[in-house]
Amino acid sequence: MHEASIAGSLLEIVSEQCRKSGYRRIDSINVKIGRASGIMSDALIFAFDAIKSGSVAKDAVLNIESVPVGGHCRDCNTVFTVEEEYVLNCPRCGGVSFSVTSGRELDVVDMEVSDEG
Amino acid sequence: MKVKVVTKILEANDRLALENRKLFDKARVFVINLMSGPGAGKTSLLEKTLSSKTGLNIGVIEGDIAGSDDAERIERLGFPVVQINTGGACHLDANMINEVLDDLPLEGLDIVFIENVGNLVCPAEFKVGENIKVMILSIAEGHDKPLKYPLMFQESSALILNKMDLVPYTDVNIAKIRKDSLSLNPELKIFEVSCRTGQGIPEWLHWLKERAQKT
């Protein structure tokens, strides 16, 4: 629902890195978005495309890797992922002694840049 | 050429939240980020809390998309309050809080409530510098809400089930709300409350005082 402000933060992060390192153009950006982060990929791309004009990322393509919710069960020592945005029980043994280890990501991973504008 | 970035997109917000938190800690004030969907009773719970003669010095930051109705309700009770209008944004963020901190007499306060924008989704994502998050679900919203909006239930320290006086007029399954909420968050403290009748308010105040003193 707040994809626009997330897109704004993302643009700030990559622009800052370009300023520091002297890159003139971003061709693509890879980000990881957890399925439990509340952020919809389509809406994020839409928002990013709307605000990128005039910036160093004006031609950048945003590639989004969606990360499923996953966890580790301490009862049966299984690493698992689920379809839902939450985990109530370990899908293998049904136990409730698990930790959620993925699904909340909102991370910039890397980007393809060039020195020429 | 490919360059690593490896940055959390919310890092700037988290950093500002930490700065806010340091200011709160320095003033020895306990801060609660109060969240719920629209109309669940955030301002009503604050009114009940403020008018209960707790002996606590409480300040309030009101977050709304527009208007100052909520701040006026708090001001009438004689407590320091600041209104933030987000101008469309669906949640408060750390920067908005940072900008109004000078408007509250932090040094003289024991507790600050930050009443977030009415929204069951986004406020849970953004740290604002709080010690704990507390959420309200009014029972008429339905018992399917914990599993539909899991994040807020997972992030909160306490869940206030408000409008309990309406239970006889609805088909709501309170046991299911409790069970699903606790499955999502076994540490969650649940209070059954009616801001209208005052039911459950003493238990909430007792817990509030204890948490504030412990910190």
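Reader: Before anything else, what does "buried" mean here?
Author: Buried means under 20% relative accessible area. This is a predicted model, by the way.

Reader: OK. How much of chain B is buried?
Author: Buried residues make up 54% of its 215 residues.

Reader: And what is the secondary structure of chain B?
Author: Chain B has 8 helices and 8 strands.

Reader: How does its radius of gyration fit a compact globule?
Author: It agrees. A compact globule with 215 residues would have a radius of gyration near 17 Å, and chain B has 17 Å. Its C-alpha atoms fill a box of roughly 60 × 45 × 35 Å along the principal axes.

Reader: What about contacts between residues at least 6 apart in chain B?
Author: Of those, 73% join residues at least 24 apart in sequence.

Reader: Which residues of the largest nonpolar core touch the most other members?
Author: The core has 30 residues. I32(B), L45(B), I111(B), F113(B), V134(B), I160(B) and W204(B) touch the most other members. Several elements each supply at least two residues, including β2 (30–36), α2 (42–50) and β7 (158–162) of chain B. The largest share, 6 residues, comes from α8(B).

Reader: Take I160(B). What does I160(B) touch?
Author: Leaving out residues up to four places away in sequence, I160(B) touches L45(B), V134(B), M135(B), I136(B), L137(B), F191(B), V193(B) and W204(B).

Reader: Switching to chain A. How far apart are the end C-alpha atoms of helix α1?
Author: They are 27 Å apart. The helix covers residues 3–21, and its 19 residues should span 27 Å at 1.5 Å a residue, so the two values agree.

Reader: Which residues of α1(A) are buried?
Author: E3(A), I6(A), A7(A), L10(A), L11(A), I13(A), V14(A), S15(A) and C18(A).

Reader: And what do those pack against?
Author: In chain A, they pack against β1 (25–34), α2 (41–51), β2 (61–67) and β6 (106–114). In chain B, they pack against β1 (2–8).

Reader: What follows α1(A)?
Author: G22(A) does, and its phi is positive, near 80°.

Reader: New topic. How many disulfides are there over all chains?
Author: The count comes to 0. C73(A) is in no disulfide; its nearest cysteine sulfur, in C93(A), is 3.7 Å away.

Reader: Are C73(A) and C90(A) buried or exposed?
Author: C73(A) is buried, at 0% relative accessibility. C90(A) is buried too, at 2%.

Reader: Where is S102(A)?
Author: S102(A) is in strand β5 of chain A, residues 98–102. A polar atom of its side chain lies 3.1 Å from the backbone oxygen of P68(A). One also lies 3.2 Å from the backbone nitrogen of G70(A).

Reader: Last one. Where is V87(A)?
Author: V87(A) is in the loop between β4 (79–82) and β5 of chain A. V87(A) is buried, with 5% relative accessible area.

Reader: What does V87(A) touch?
Author: Not counting residues up to four places away in sequence, V87(A) touches V69(A), F80(A), V82(A), F98(A) and V100(A).

Terms used:
Residues are numbered from 1 along each chain as its sequence is written. Chains are lettered from A and ligands numbered from 1 in the order in which they are written. This is a predicted model: local features need pLDDT of at least 70, side-chain atom pairs count only at pLDDT 80 or more; totals for chains, interfaces and linings use all residues. Side-chain values use heavy atoms; hydrogens and water are left out. A disulfide is a pair of cysteine sulfur atoms within 2.5 Å. Buried means under 20% relative accessible area, exposed over 50%, partly exposed in between (1.4 Å probe, protein chains only). Helices (H or I, at least four residues) and strands (E, at least two) are DSSP runs, numbered from the N terminus. The expected span of a helix is 1.5 Å times one less than its number of residues. Contact means heavy atoms within 4.5 Å. A nonpolar core is a set of buried Ala, Val, Leu, Ile, Met, Phe, Trp, Tyr and Cys residues joined through side-chain atoms within 4.5 Å. A polar contact is a pair of N or O atoms within 3.5 Å; within protein, one must be able to donate a hydrogen and the other to accept it, and residues adjacent in sequence count only if both atoms are side-chain atoms. The radius of gyration is taken over C-alpha atoms; the globule rule is 2.2 Å times the number of residues to the power 0.38.
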